[in-house]
Amino acid sequence: MSKPSPLVDEHEEPAQILGWQAQKSASTRTQIIEAAIKCFIEHGYSRTTTTLIAEKAGLSRGAMLHHFPSKLAVVRAAVEHLHAKRLRAFRKAATKPSSDHDHVRQSVEAYWSHVRHPLFVAFFELAVAARTDKELAEILRPAQEAFEREWYQQAVAVFPEWKGRGEKFDLALDLSRYVLEGMAISFLTHKETERDKRVIAYLDEKIRELAGLPRKGARGSRKEES
C-alpha cells in the first residue's frame, strides 16, 4: 500500500512555502475585514461582535482571533480597507469615459454614486458610533484625515481642467461633498424625490459657475420663473 502524498511538496523551496502561506494569510485577513464591513452595514457597529464577524466570514471565532485579537483590531484594518476601496471606486467613476465629454456632470454623478454605495453607509455607521466611542474615534479621526488628503490629491489628478483655479476648486469640492453626502444620509430614511433631482441639477449649475463654464440644460431643473 502506497503512502499518502504529503500536503506540501518535499521538493518545494522554503521561500515558496512561506510565500504561499503569506498569501493564504492575507486572503483570510481580507475575508475577515470584508465580513466586518458587511456586519457594520447590516447590523450596525454596536451589534457587531467578533463572533458575528467570524460567522459572516465563514470561520471559527478562534481562527478569526488568530488574525485579529480584538474587535478594535478588526475595526482598524477595516477602516483602512474601507478608505482604500472608496478611493479606488471614486477614481474609477470619475475617470470613466463619458459620451458627452461633460466632466462637470460626470464628476457630480461620480461622487453621487460614491456616497450612495454601501461602503459609504459603512463609513457613516462608524462615524456616528465614534461620537460616543472614544476608542473608535481615536481610530477613525486620523484615518479620515488621511482619506481626505488622498481624496483631494485624487481630485486634483482627475480634474486637470481646474488647475490654477485655487479656492474655487476647493469650494467646488467642498460644496459637492457636503451637499451630496448630506443627501445620501437623508436617503437612509426617505426615498428619492423630484426635489432631490433639482438639488443635484442646481449643484451642477453652481459648479459650472465656479469653473467659469457656460451653463448647460440640467435634468430635473425647474422652469425659470418669469
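**View 1. Aromatic pairs across the structure.** A search of the whole predicted model finds 6 aromatic pairs. Rings of Phe, Tyr and Trp (its six-membered ring) pair if their centres lie within 6.5 Å; planes under 30 degrees apart count as stacked, over 60 as edge-to-face and the rest as tilted. Phe40 and Tyr45 form a tilted pair, 5.8 Å centre to centre with 45 degrees between the planes. Phe40 counts as buried because its relative accessibility is 1%. Tyr45 is buried too, at 6%. Buried means under 20% relative accessible area, exposed over 50%, partly exposed in between (1.4 Å probe, protein chains only).

This is a predicted model: local features need pLDDT of at least 70, side-chain atom pairs count only at pLDDT 80 or more, and totals for chains, interfaces and linings use all residues. Residues are numbered from 1 along each chain as its sequence is written, and side-chain values use heavy atoms, with hydrogens and water left out.

**View 2. Trp112 and Phe187.** These two rings form an edge-to-face pair, 5.5 Å centre to centre with 70 degrees between the planes. Trp112 lies in helix H5 and Phe187 in the loop between H8 and H9, so the pair ties together parts that are 75 residues apart in sequence. Helices (H or I, at least four residues) and strands (E, at least two) are DSSP runs, numbered from the N terminus. Both Trp112 and Phe187 are buried.

**View 3. Around Trp162.** Tyr152, Trp162 and Phe169 form one aromatic cluster. Leaving aside neighbours within four places in sequence, Trp162 is in contact (heavy atoms within 4.5 Å) with Lys168, Phe169, Ala172, Ile207, Leu210 and Ala211.

**View 4. Helices H8 and H9.** H8 (residues 167–186) and H9 (residues 194–211) pack at about 175 degrees, with axes 10 Å apart. Axes are lines fitted to C-alpha atoms, for helices over the stretch in contact, and angles run from 0 to 180 degrees between N-to-C directions. The two helices are therefore roughly antiparallel. Angles under 35 degrees count as roughly parallel, over 145 as roughly antiparallel, 65 to 115 as roughly perpendicular and the rest as oblique. Residues making the contact include Leu171, Leu175 and Val179 of H8 and Val199, Ile200 and Leu203 of H9.

**View 5. Thr28 in helix H1.** Thr28 lies in H1. Its relative accessibility is 16%, so Thr28 counts as buried. Not counting residues up to four places away in sequence, Thr28 touches Leu59 and His67.
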